[in-house]
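Subject: Structure handover

Hello,

Here is the structure you asked for. Please open it alongside this note.

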Amino acid sequence: MGANRRVPLTLGVTGHRDLVAEEVPVIARRLHELFDLLESRYAGLPLRLVTALAEGGDRIAAEVARKRGIELLVPLPLPVEDYERDFADAASRHAFRELLACATVVNMAVAGDASQSREQAYARAGIYSSDHCQIMIAIWDGKPAEHGGGTADVVEYHQFGDMARLGASPLNRRGLAKDDTDLVYHIVCSRKRQHGAPAAGLQPGTARWLVADPERLTVDDIPAGLSRMIERTAEFNQDVAGITGQISPAGVLPGWRARFAEQPDLARTAKYFALADRLATRYAQRYRTALRVLYLLAALMGISFIAYADLNRPSMIAAYLLLFFAGFVLYRLVSRLQWHRKFLDYRALAEGLRVQFYWRLGGVSGQLRNDFAYDNFLQKQDVEIGWIRNVMRFAGAAEDRLRRRAADVEAVVEHWIGQPGGHGQLGYFENRCRSHRRHVTRTDRVVAVTLWAGIVITLALALLQHRLDDLLVTGMVAAMGILPLLAAVREAYAHKVAEKELLKQYSYMLDIYRMACFRLSRCKTVEDKRELLRALGEAALDEHAEWILIHRERPLEPGKL
């Protein structure tokens, strides 16, 4: 796998500028210890550091990261010349430019916005760092903030979503839901000023893990939930490595080749959509094939048992045991390889990236906080699914300024929504509705036929048993057991794959896209269309979250099978 396909474990950093020189070596050691821990525990993930390269803690972390070959992502709060005014001397400016030259830069300054204060600019960069990292490194004295946009403010935002100086509501980042990406690795430091000692009870040079809690609790290690999220990202990298051949974003999102060349971040979102879509298709095929084989084995087990009990075939008990063993081995294999979970996770990732791509292309998101689809996706589901949002953050980071073009909105409507009976999501949901309606009808027909066949056989036995040959009677009795067994297996399979529930969901989404198509045709301005596209994307994300829940509540369980 090329290095450009690997999703990193992203660390943010915030730190005081006026550090005590004697404490810098121990701060660097704590950073090395953290990087050693993460590289050994999550070997499948490269590290990436988000840092504004301010003097002090940011710069120290960046220097340590560069020495270790860790990628740097720099959200610049101000234009370079303006930003350099805050640096102490020429040596500091030279060091800044050296680090900047080997980093990926995100220009956070809003062009033409003279009303933005320096505090707001630094706060915006801190918000970006928090929103795009899984662990925040805070080189901090542990005291409340004295000025806006500083280290304490960034820590507060990372853990509680609140940075009032920028007008960031506590509900903007994650609502009231618990999120294990609120973890902070706190390196305690002093400050070179009067009363610059750390907060009471803290010793300079020590490090601790902080989790979001009103009491700001410390923990001994990375919380288990966050660790699983990180491991899921490493698994994604491993699965991507198994994809052979080239993945072309233009193959799954046709018509945008020129824009991909023009905007690398847009191309990256499309590329990860293509990768996730390929993986989702692969694991869906594997899981559904295994599921069909398991239910076939279950039916054959039932038939062999009926043959043993009703047809006096002793050899059938051996067949029953062999079928049971084959089913058990297949179940354990599917469970160990996690085909079901990966199918759901990768499909969720692909659908989230689809919305993210079209929002980005249509100019729907990115105006204030780079708030893409991941801000609205899977917030209430199992915390382990949070790795999907982290991949979406990486795949959709706005490293280029958004180019908002009216023509792109029309192209998004054409390619994303499409037309009835044609391409786009309208055509997709029409096809899915037809397909699932056939499946549901077929299941109902099988159940009805076997039910009436069983009734007919029962009536025939009741009325004609004394006139029939004993062998025929035995066969009819066996059929009375086999027919409802086949119906039950078919119905159980339909329940496992949620045939009826999915038909309702597909019908609902078809109505949503039809209404969106109608209302977009009546919009007078481009901005009205963007707002409708935002509402459409949110509806699609919400409905897909429901789709995940339906399937996650139907895991493969041998007892129920």
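Below is what was found, taken site by site.

This is a predicted model, so local features need pLDDT of at least 70 and side-chain atom pairs count only at pLDDT 80 or more, while totals for chains, interfaces and linings use all residues. Residues are numbered from 1 along each chain as its sequence is written, and side-chain values use heavy atoms, with hydrogens and water left out.

Start with Thr 51. It is found in the loop between strand E2 (47–50) and helix H2 (57–67). Helices (H or I, at least four residues) and strands (E, at least two) are DSSP runs, numbered from the N terminus. Thr 51 is buried, at 0% relative accessible area. Buried means under 20%, exposed over 50%, and partly exposed in between, with a 1.4 Å probe and protein chains only. Beyond its neighbours within four places in sequence, Thr 51 is in contact with Val 13, Asp 58, Ala 62, Leu 72, Leu 73, Val 74 and Pro 75. Contact means heavy atoms within 4.5 Å.

The Thr 51 side chain also has polar partners. One of its polar atoms lies 3.0 Å from the backbone nitrogen of Leu 53. A polar contact of 3.3 Å joins the side chains of Thr 51 and Asp 58. Such a contact is a pair of N or O atoms within 3.5 Å; within protein, one must be able to donate a hydrogen and the other to accept it, and residues adjacent in sequence count only if both atoms are side-chain atoms. Ala 103 is 52 residues from Thr 51 in sequence, yet their C-alpha atoms are 9.8 Å apart.

Next, positive phi. His 195 has a phi near 55° and is not a glycine. His 195 sits in the loop between strand E6 (184–188) and strand E7 (207–210). Buried or exposed? His 195 is exposed, at 68% relative accessible area. Gln 338, also not a glycine, has a positive phi of about 55°. Gln 338 lies in the loop between helix H12 (315–337) and helix H13 (339–362). Its relative accessibility is 26%, so Gln 338 counts as partly exposed.

Last, helix H17 (residues 470–496). H17 has 27 residues and reaches 39 Å from first C-alpha to last, close to the 39 Å expected at 1.5 Å a residue. The expected span is 1.5 Å times one less than the number of residues. Buried residues in H17 include Val 473, Met 476 and Tyr 493. Ala 498 follows H17, with a positive phi near 55°.

Best wishes
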